[in-house]
Amino acid sequence: NLIRDFDHPWMALADTLPGGFDAMFHGAREIFGIAGRWRRPPYASLGDEDMERLGGFFAGLPSLEKSI
């Protein structure tokens with residue numbers, strides 16, 4: 001259930017964002033207050049619009065308790 005509810009949607013979203021998984025991972029770290037999303041070139045960073053999409057993704061996830 002965890003893979004179906006969390007991992008698959010997470011990786012599917014990564015395929016739609018500029019910079020892919022790496023940029024998404026750094027964006028997630030900013031959303032959760034761990035670190036900033038910005039990286040020096042040649043690495044990609046998510047823009048504000050993509051950060052809103054990522055935040056919406058997290059808001060739309062099912063409760064972890066329901067998936068365990």
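This is a predicted model: local features need pLDDT of at least 70, side-chain atom pairs count only at pLDDT 80 or more; totals for chains, interfaces and linings use all residues.
**Exercise 1.** Determine which residue arginine 39 pairs with in a salt bridge, and where in the chain the two partners lie.

*Solution.* Begin with the closest N and O atoms: those of arginine 39 and aspartate 22 are 2.2 Å apart, and the two residues form a salt bridge. Finally, consider accessibility: arginine 39 is partly exposed at 26%, and aspartate 22 is partly exposed at 31%.

**Exercise 2.** Classify arginine 37 and glutamate 30 as buried, partly exposed or exposed, and identify the network to which they belong.

*Solution.* The cut-off for a buried residue is under 20% relative accessible area. Arginine 37, at 9%, is therefore buried, while glutamate 30, at 27%, counts as partly exposed. The two form a salt bridge whose closest N and O atoms are 3.2 Å apart, and salt bridges with shared partners join Glu30, Arg37 and Asp48 into one network.

**Exercise 3.** Check the span of H2 against expectation, and state what its buried residues pack against.

*Solution.* The expected span is 1.5 Å times one less than the number of residues, so the twelve residues of H2 should span 16 Å, which agrees with the 17 Å between its end C-alpha atoms. The buried residues of H2, among them Ala23, Met24 and Ala28, pack against H1 and H3. Alanine 28, for instance, contacts Trp10, Leu54 and Phe58 when its neighbours within four places in sequence are left aside.

Definitions and conventions: Residues are numbered from 1 along each chain as its sequence is written. Side-chain values use heavy atoms; hydrogens and water are left out. Contact means heavy atoms within 4.5 Å. Helices (H or I, at least four residues) and strands (E, at least two) are DSSP runs, numbered from the N terminus. Buried means under 20% relative accessible area, exposed over 50%, partly exposed in between (1.4 Å probe, protein chains only). A salt bridge is a side-chain nitrogen of Lys or Arg within 4 Å of a carboxyl oxygen of Asp or Glu.
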